[in-house]
Amino acid sequence: MRFFPETKTVHVGETVEWTNIDPMTPHTVTFGLNDNPGQRGVNANLDSDGARHAIVGLPTDNVNSGGLGALPADRAVSVAGLPLTFTDLMQWPLPVTVTDANQRFRVTFTHPGIYNYRCVFHDNLGMLGRVIVLEAIK
Ligand SMILES: [Cu+2]
């Protein structure tokens, strides 16, 4: 129920990636006031490897990873919670583009500042984090 490290320092233009390696418990990476883990937040797109990727420019931007869950390497995935089909089960080679669950989340920071975030499931247990974004290196 913790982010490691809890504080990360980067520079403008850099990207931070979170990975949930907990095999049992989903977590979120949530910036701003958005409390809904199902809402994906602003400017969030899927990277080619299936990880969700958002752009954050202000500490008040509402950005939510959605639930992040560890993915067994060869798990078959279905679309939007629908039952697995034969095609789902035949996905190969891996990795496949995962549309119903993500293990990783990336945020690229475009402006300097202090960006606090939390897991909406476990912030009451102290699952809080901070990204400090410094001016870009010249
Ligand atoms: Cu959590």
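**Exercise 1. Work out the strand order of the four-stranded open sheet and say why two of its strands count as edges.**

*Step 1.* Find the strands: these are DSSP runs of E of at least two residues, numbered from the N terminus. Two of them pair if DSSP finds at least two bridges between them.

*Step 2.* Read off the order, which is 2-7-5-4, with mixed pairing in this open sheet.

*Step 3.* Look at the ends. Strand 2 (15-19) and strand 4 (45-46) each have a single partner strand, so one side of each is left without a neighbour in the sheet.

*Step 4.* Check one pairing. Strand 4 and strand 5 (residues 52-56) run antiparallel and are joined by 2 bridges, with L46 opposite R52.

A word on the model before we go on: it is predicted, with local features needing pLDDT of at least 70 and side-chain atom pairs counted only at pLDDT 80 or more, while totals for chains, interfaces and linings use all residues. Residues are numbered from 1 along each chain as its sequence is written, and side-chain values use heavy atoms, leaving out hydrogens and water.

**Exercise 2. Describe the largest nonpolar core and the surroundings of V29.**

*Step 1.* The core has 19 residues, and W18, V29, F31, F105, V107, F109 and V131 touch the most other members.

*Step 2.* Sort by element: strand 2, strand 5, strand 7 (104-109), strand 8 (113-118) and strand 9 give two or more residues each. Strand 7 gives the most, with 3 residues.

*Step 3.* Now take V29. Leaving aside neighbours within four places in sequence, V29 is in contact (heavy atoms within 4.5 Å) with F3, W18, V63, N64, S65, L68, F105, Y117 and R118.

Terms used:
A nonpolar core is a set of buried Ala, Val, Leu, Ile, Met, Phe, Trp, Tyr and Cys residues joined through side-chain atoms within 4.5 Å. Buried means under 20% relative accessible area, exposed over 50%, partly exposed in between (1.4 Å probe, protein chains only).
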